[in-house]
Amino acid sequence: MSPAWNKLLASADRLRGVHLRDLLQTKDRFESLSFSAAHLMLDLSRQRVDSQVFNELIALAEERDLRAAIKSLLNGQIVNPTENRPALHSALRMPQESSLVIEGVDLVSGVHETLAQMEKFVEKIHAGQWRGYTGRAISQVVNIGVGGSDLGPLMTCEALNEFRPPEAEGVDIHFVSSMDGSQLSNLLLELNPETTLFVLSSKSFGTLDTLANASTAIDWLMERSGLSRKQLLRQHFIGVTSAPDKAISWGISEHNILRFWDWTGGRYSLWSGIGLPIALTTGMQGFKELLAGAHAMDRHFAEAPYEQNLPVLLALLGIWNINFQDIHAHAILPYDGRLAHLPAYLEQLEMESNGKSVKLDGELVQTRTCPILWGEIGPNAQHAFYQLLHQGTERVMSDFIVPARRYEGRSTGLIEQHQLALANCLAQARVLALGDAALSDAEQRPAWQRYAGNQPSSVILLETLTPASLGSLIAMYEHKVYIQAVIWGINPFDQWGVELGKKVANDLIDSLRQQSCEGYDQATNGLLARIQKLQQEN
Ligand code: F6P
């Protein structure tokens, strides 16, 4: 262990008996532990740290030379060595006048060419000029994708739905991801094939889930229209991918392809053509504001000192909780229903990135890495799993995410509802930290009405939820994940862990088709036999 790490271990011992209610007594605690940048405020005053631990975490950042790691990421070094490429999602949000030259090619001009092509698609669809096989304008767009090709655009479209410009009103956006066809089968009952456009979003254009849904979609169009696959693909399908050859061989027209690059990781791709559903929701202007918000966070990440750097601080406090406080569960709790899909989005971002146990040098990590993340809209979760947060045996760290202002110019009833959400957000963070100390009559209560508290949390306060503040929020989490990976010495940009399951599923699909139930372990053979028997009985 390094000197900075050892100091933190000693501090963890020193603070072992110290409760958050005591730490919250420190003078100017909120002022010294809350930080603002790019439309966000990060309040870390309910983390179990004192000023000494804060300084030791900054020393850890210095010891690990995070500044150099940040430069490597943003300048396009090979930070993903197992796939031999950089991770340049930040280049996707660089302004047109800037440049980033990698191996003699300016990536920014390519990015803006794609944005211009995306703009053409968006304008054509919004103007009612993208027409289906009977000449009627497209009014329904179905994004077919999974993982990063679904969760980012889904989360953002839901969050920014009220930013729809008038021209976007006539176009509904739907998302289909599940491999079993559940979402698609329901949707196809409602949609009119004449006015439906499918966007096949797949970085690899090889993901079975997406291709299975895409096949069902084209079969449905052919069956309902009686027209050829070729004509329907031309009028009713767009492909967004970094593998255009594969998209073309599947049948997507060359003119209907939005390309992106293999240096954009799937779970970091909403800023690329994968964001087409977002641009269809907010208009290009809104999409550009989202990019600008993320870019503002990129600049802050590159320039701010560690002591004020939001992604660095969020990462360091996570490290403190995971590696020094033994907390391995992390709840994501937005107090704004528009952020309903943020927990699922962050589950992929954090757990697919940092759910690793082998370091970049091939050695096993000696510390814990990514915790288990889960979450829900906060007020709903209060009626579901908060019981465990307040009185269970698990230590849990929580992120509360809430805008200060909402419903400006709307009814007093709605404004009051937002105040209610804010009050609950503040109340929960307070009670989780203080426990009984938030009560005036704790002593008179029976044991089952007592609260241990001491559960740490961060509050991320948005001025208001806009494309720009959402862009900053997402970029902050992306960079936090990178910083934690640097400290743990792991690669956050590959996902080899998900490959084996895909390979085994391919073998099993053959066994199911051929009605074979041999060649696997006992449990798998037994289930195959039972499933086949049940299928034959029907
Ligand atoms: O299986 C995991 C994964 O590769 C994710 O990383 C990715 O976001 C998702 O599948 C979808 O991949 P694609 O965009 O290539 O279809």
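These legends describe close-up views of aromatic rings in a predicted model.

Residues are numbered from 1 along each chain as its sequence is written. Local features need pLDDT of at least 70, side-chain atom pairs count only at pLDDT 80 or more, totals for chains, interfaces and linings use all residues, and side-chain values use heavy atoms, without hydrogens and water.

**View 1. The ring pair of Phe121 and Trp130.** The structure holds 14 aromatic pairs. In the pair of Phe121 and Trp130, the ring centres are 5.6 Å apart and the planes stand at 90°, so the pair is edge-to-face. Rings of Phe, Tyr and Trp (its six-membered ring) pair if their centres lie within 6.5 Å; planes under 30 degrees apart count as stacked, over 60 as edge-to-face and the rest as tilted. Phe121 counts as buried at 7% relative accessibility, and Trp130 counts as buried at 5%. Buried means under 20% relative accessible area, exposed over 50%, partly exposed in between (1.4 Å probe, protein chains only).

**View 2. The ring pair of Phe198 and Trp220.** The centres of these two rings lie 6.1 Å apart with planes at 90°, so the pair of Phe198 and Trp220 is edge-to-face. Phe198 counts as buried at 0% relative accessibility, and Trp220 counts as buried at 9%. Ring pairs join Phe198, Phe205, Trp220, Phe237 and Trp250 into a cluster.

**View 3. Arginine charges over tryptophan rings.** The charged end of Arg229 sits over the ring of Trp250, 4.9 Å from its centre. Likewise, the charged end of Arg93 sits over the ring of Trp271, at 4.5 Å from its centre. A charge sits over a ring if NZ of Lys or CZ of Arg is within 6 Å of the ring centre and within 35 degrees of the ring normal.
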